[in-house]
Amino acid sequence: MHFLLGQFLVRPPYPTGSYAGKTIIITGSNQGLGKEAARHYARLGASRIILAVRSLDKGHDAKHDIEHTTQCGPNTLQVWQLDMASYSSVCQFAARVRSELDRVDIALLNAGLAPARHAVAEGNEVLFTVNCISTVLLAVQLVPKLQATAARFSVRPVMCLTSSVAHTFTPFAEKSAPEGQIFAALNKRAATDGSYGAREDLYSISKLLPILAVRAMAEKCSASKAPITINLADPGLCWSGLARDFSGGVGNWLFMTVVARSTEVGSRTLVHAAAQGPESHGCYLSGCQIEEPSPVITGPGGKELQERVWKELVTQLEAIQPGGTTNALSG
Ligand SMILES: NC(=O)c1ccc[n+]([C@@H]2O[C@H](COP(=O)([O-])OP(=O)(O)OC[C@H]3O[C@@H](n4cnc5c(N)ncnc54)[C@H](OP(=O)(O)O)[C@@H]3O)[C@@H](O)[C@H]2O)c1
């Protein structure tokens, strides 16, 4: 009910203001919410927008479309390769950011997927690889760049992860898996239960895990200690290509027609969250305001779950880049 009321009663504000001088990275920006967020930033005069995409062709199509509709300068948009299903691609992208960009004011970590069928990438169900592990890997690798931007330009950069109200729809059964076995239990279910309900639930979990990770990261780099803000934004239910694999029939089409926002309207929530200050550090925003996330996170056992998930994530991240997580979050 809360979700439905939000869809009907909250109209995210149309982004205004100037982004002149700002450098903005948006992952998953060749279509959908990421592309519309990029269009807002281009319209508002951002100096440099990196469209981080897995298909360069699709990225260039998006670039031309945004240039055509906003009349932004020819050098504003850059298309960079990033495949979140590959850890080496994530690390190469982060290394390129470190070496080629003098500043990063905003990083919108938005790329995500909701596949109807099980697939594995980097040893985990691809849902978790893309929506959670690679997203957190990229977040951790970008933290030092945002901190350096803060120190050099006296600004407070923001990293915003695209979240979802869907994270509140799951009881997260695997939270009671034995120590160190949460991802293993999730991968096992993904490999053995291909039902519609299970795929929906696993998607919800793939959006819940990054909330736990952001809360853990925010504790390690507190708002007062680190001059950057990390938050999450729920864009609401939007018409996009996300559920392209699911054929929901006429009922679903009707529901989406009545309830869903356009990706342009949904993208306003991302631009809004990325304009917030330290009060939003570690927070989940929905309907353009800070909201409590799921009771799975905030209720009894939530803190312990956060620590267990963070420990498992760090183990995976350290296997990808030894020392990377500790170093990035220590300073
Ligand atoms: N639509 C909604 O109702 C809704 C609600 C809440 C949250 N969200 C979240 O919003 C974000 C954007 O989704 P959307 O609705 O805009 O859907 P979308 O139109 O399907 O956009 C998803 C974007 O992520 C990219 N992506 C997928 N896998 C990738 C990979 N391995 N590497 C790099 N990029 C990859 C896609 O690239 P390709 O075009 O190459 O596939 C696309 O650009 C997602 O994180 C989603 O979970 C959506």
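So, which residues form a nonpolar patch on the surface? Met1, Leu5, Phe8, Leu9 and Val258 do, and together they have about 590 Å² of accessible area. A patch here takes residues with over 30% relative accessible area and no salt bridge, with nonpolar side chains (Val, Leu, Ile, Met, Phe, Trp, Tyr) joined within 5 Å and like charges within 9 Å. The areas come from the Shrake-Rupley method with a 1.4 Å probe, and for residues only the protein chains shown count as cover.

Before I go on, a word on what you're looking at. This is a predicted model, where local features need pLDDT of at least 70 and side-chain atom pairs count only at pLDDT 80 or more, while totals for chains, interfaces and linings use all residues. Residues are numbered from 1 along each chain as its sequence is written, and side-chain values use heavy atoms, with hydrogens and water left out.

Okay, back to the patch. Helix α1, residues 2-9, gives the largest share of the patch, three residues. Val258 comes from helix α8, residues 249-259. With a relative accessibility of 54%, Val258 counts as exposed; the cut-offs are under 20% for buried, over 50% for exposed, and partly exposed in between, with a 1.4 Å probe and protein chains only.

Now the overall picture. The protein has 12 helices and 10 strands. Its C-alpha atoms fill a box of roughly 50 × 50 × 35 Å along the principal axes. For 331 residues, a compact globule would have a radius of gyration near 20 Å, and the 19 Å of this protein agrees with that. That radius is taken over C-alpha atoms, and the globule rule is 2.2 Å times the number of residues to the power 0.38. Of the 331 residues, 57% are buried. The accessible surface is about 13700 Å², and carbon and sulfur atoms account for 56% of it. If you take contacts (heavy atoms within 4.5 Å) between residues at least 6 apart in sequence, 78% of them join residues at least 24 apart.

What about the inside? The largest nonpolar core has 71 residues, and among those with the most contacts inside it are Phe93, Met159, Leu209 and Trp310. Helix α5, residues 126-153, brings the largest share of this core, 14 residues. By core I mean buried Ala, Val, Leu, Ile, Met, Phe, Trp, Tyr and Cys residues joined through side-chain atoms within 4.5 Å. Have a look at Leu209: leaving aside residues up to four places away in sequence, Leu209 touches Phe128, Cys132, Phe172, Phe183, Leu186 and Val309. There's also a second, separate core of 29 residues, including Ile26, Leu44, Cys72 and Leu77.

On to charges. I count a salt bridge when a side-chain nitrogen of Lys or Arg is within 4 Å of a carboxyl oxygen of Asp or Glu, and the structure holds 16 of them. Asp105 is buried at 4% relative accessible area, whereas Lys22 is partly exposed at 24%. Asp105 also forms a salt bridge with Arg103, with the closest N and O atoms 2.8 Å apart, and both of those residues are buried.

Next pair: Glu125 and Arg199, whose closest N and O atoms are 3.0 Å apart. Elsewhere, Lys35, Glu36, Arg39 and Asp65 are linked in a network of salt bridges.

Gln71 isn't a glycine, yet its phi is positive, about 60°. Gln71 is in the loop between α3 (56-70) and β3 (77-81), and at 66% relative accessibility Gln71 counts as exposed. Glu122 has a positive phi as well, near 55°. Glu122 is in the loop between β5 (120-121) and β6, and is partly exposed at 39%.

How values were computed
Helices (H or I, at least four residues) and strands (E, at least two) are DSSP runs, numbered from the N terminus.
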